[in-house]
Amino acid sequence: MLLKNYKTTLLQELSSLYDAQEIESFFYLILECFHNKKRIDLALDPDMEMDAMQLLRWESVLSELKKEKPIQYILGETEFYGFPFLVNENTLIPRPETEELVEWIIKSTKNELQNTKFRILDIGTGSGCIAISLAKNIPNAEVSAIDVSEKALATAKKNAQINKVEVNFINVDILKINDLVELPTSNFQLPTQFDIIVSNPPYVRNLEKAEIKPNVLEYEPHLALFVEDTDALLFYRKIAQLAQKNLSENGKLFFEINQYLGKETVQLLEQMNFKNIELKKDIYGNNRMISCRL
């Protein structure tokens with residue numbers, strides 16, 4: 001079967017669930033994953049064929065897509081900030097908004113790298129996308145990353161190996177410690193002060209579940225997504241408390257936030273005496289990121 005013809009098959013079979021542009025993106029993601037070919041390769045060789053075994057693999061993906069399973073989980077991989085990452089049901093799928101957060105952090109550090117070691121802590125690391133991307137882009141960065149899920153950390157460790165960076169991964173429930181110096185360490189000495197603390201914690205309220213697409217609601221880990229409606233800023237308050245003790249002089253705290261709770265998150269940080277609070281919109285015009293200092 002000609003590879004290019006399977007795009008038509010995908011469009012016919014999936015048009016009731018996805019728009020044509022998204023289906024086309026699926027096609028090229030599968031093409032690259034299964035055949036190590038890009039759009040231009042197929043354009044230059046339109047008579048490229050797949051054999052019977054390859055066709056079975058494509059049909060298996062089609063079957064999963066019909067169940068609205070995310071393509072990233074089906075293929076087991078994605079790209080974030082230009083780097084390859086493994087993803088699975090234990091990790092959130094990295095999103096473009098989080099790439100914007102990483103970009104903001106990188107730009108903010110350009111004039112603040114006098115330290116021999118620039119110390120960064122990522123809280124709720126998941127796939128490790130934030131920590132690893134920062135380690136790749138910030139010279140002299142000493143990066144540590146925390147997550148409550150051992151399975152997520154196992155994936156993050158593999159991603160650090162794939163991207164050839166060193167990150168100190170720590171398994172701990174951030175809500176159950178009073179100070180970052182309490183964190184369990186193995187073969188490294190955790191700093192007591194960090195130049196940057198960053199977190200993309202759970203922030204979707206249960207009342208917002210109706211807005212969540214089935215491919216997210218049914219497949220991505222709820223532990224990393226949802227918080228109780230009655231205390232939606234739980235993680236922000238806790239992490240800010242830790243930052244009060246463990247953020248270095250002139251250090252910065254960065255958050256990805258719930259777009260509906262920008263004002264409330266700013267107020268929380270003001271009440272905790274953080275300064276230079278900056279609320280930033282994402283490419284979609286939503287309140288999505290905050291930075292501040294003590």
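The side chain of Tyr260 makes a polar contact with the side chain of Glu211 at 2.8 Å; a polar contact is a pair of N or O atoms within 3.5 Å, where within protein one atom must be able to donate a hydrogen and the other to accept it, and residues adjacent in sequence count only if both atoms are side-chain atoms. The model is predicted: local features need pLDDT of at least 70 and side-chain atom pairs count only at pLDDT 80 or more, whereas totals for chains, interfaces and linings use all residues. Residues are numbered from 1 along each chain as its sequence is written, and side-chain values use heavy atoms, with hydrogens and water left out.

- Tyr260 is found in the loop between β9 (247-256) and α11; helices (H or I, at least four residues) and strands (E, at least two) are DSSP runs, numbered from the N terminus.
- At 42% relative accessibility, Tyr260 counts as partly exposed, since buried means under 20% relative accessible area, exposed over 50%, and partly exposed in between (1.4 Å probe, protein chains only).
- Not counting residues up to four places away in sequence, Tyr260 touches Arg205, Glu208 and Glu211, contact being defined as heavy atoms within 4.5 Å.
- Tyr260 and Arg288 are 28 residues apart along the chain, and their C-alpha atoms are separated by 8.9 Å.

- Thr265 belongs to helix α11 (residues 262-271) and is buried, with a relative accessible area of 1%.
- With neighbours within four places in sequence left aside, the contacts of Thr265 are Leu233, Tyr236, Ile257 and Ile290.
- Asn286 is located in the loop between β10 and β11 (287-293), where a relative accessible area of 22% makes Asn286 partly exposed.
- Asn286 is in contact with Gln259, Lys280 and Lys281, leaving aside its neighbours within four places in sequence.
- Although 189 residues separate Asn286 from Glu97 in sequence, the two are 9.7 Å apart in space, C-alpha to C-alpha.

**Helix α2**

- Helix α2 (residues 20-35) has 16 residues and should span 22 Å at 1.5 Å a residue, which agrees with the 22 Å between its end C-alpha atoms; the expected span is 1.5 Å times one less than the number of residues.
- At the start of α2, the backbone nitrogen of Gln21 has a side-chain oxygen of Asp19 within 3.2 Å.
- The buried residues of α2 are Ile23, Phe26, Phe27, Tyr28, Ile30, Leu31, Phe34 and His35.
- These buried residues pack against α1 (3-14), α3 (39-44), α4 (52-66) and α5 (71-75).
- Just after α2, Asn36 adopts a positive phi of about 55°.

**Packing of α6 and α7**

- Helix α6 (residues 96-108) packs against helix α7 (residues 129-137) at an angle of about 35°, with the axes 10 Å apart; axes are lines fitted to C-alpha atoms, for helices over the stretch in contact, and angles run from 0 to 180 degrees between N-to-C directions.
- The crossing of α6 past α7 is right-handed, that is, the near helix is turned clockwise from the far one by less than a right angle.
- On the α6 side Thr98, Leu101, Val102, Ile105 and Ile106 take part, and they meet Ile130, Ser133, Leu134 and Asn137 in α7.
- The residues of this contact comprise six nonpolar, three polar and no charged; Ala, Val, Leu, Ile, Met, Phe, Trp, Tyr, Cys and Pro count as nonpolar, Asp, Glu, Lys and Arg as charged, and the others, Gly among them, as polar.

- Asn140, in the loop between α7 and β4 (141-147), has a phi near 60°, a positive value in a residue other than glycine.
- Asn140 counts as partly exposed at 48% relative accessibility.
- Asn276 lies in strand β10 (residues 275-281), and its phi is near 50°, likewise positive in a residue other than glycine.
- Asn276 counts as exposed at 60% relative accessibility.

- Thr9, in helix α1, touches Met1 and Leu62, not counting residues up to four places away in sequence.
- The C-alpha atoms of Thr9 and Leu62 are separated by 9.2 Å, with the two residues 53 apart along the chain.
- Glu49 sits in the loop between α3 and α4 and is exposed, with a relative accessible area of 55%.
- Leaving aside its neighbours within four places in sequence, Glu49 is in contact with Met1, Leu2, Leu3 and Gln54.
- Glu49 and Leu247 are 198 residues apart in sequence and 56 Å apart in space, C-alpha to C-alpha.
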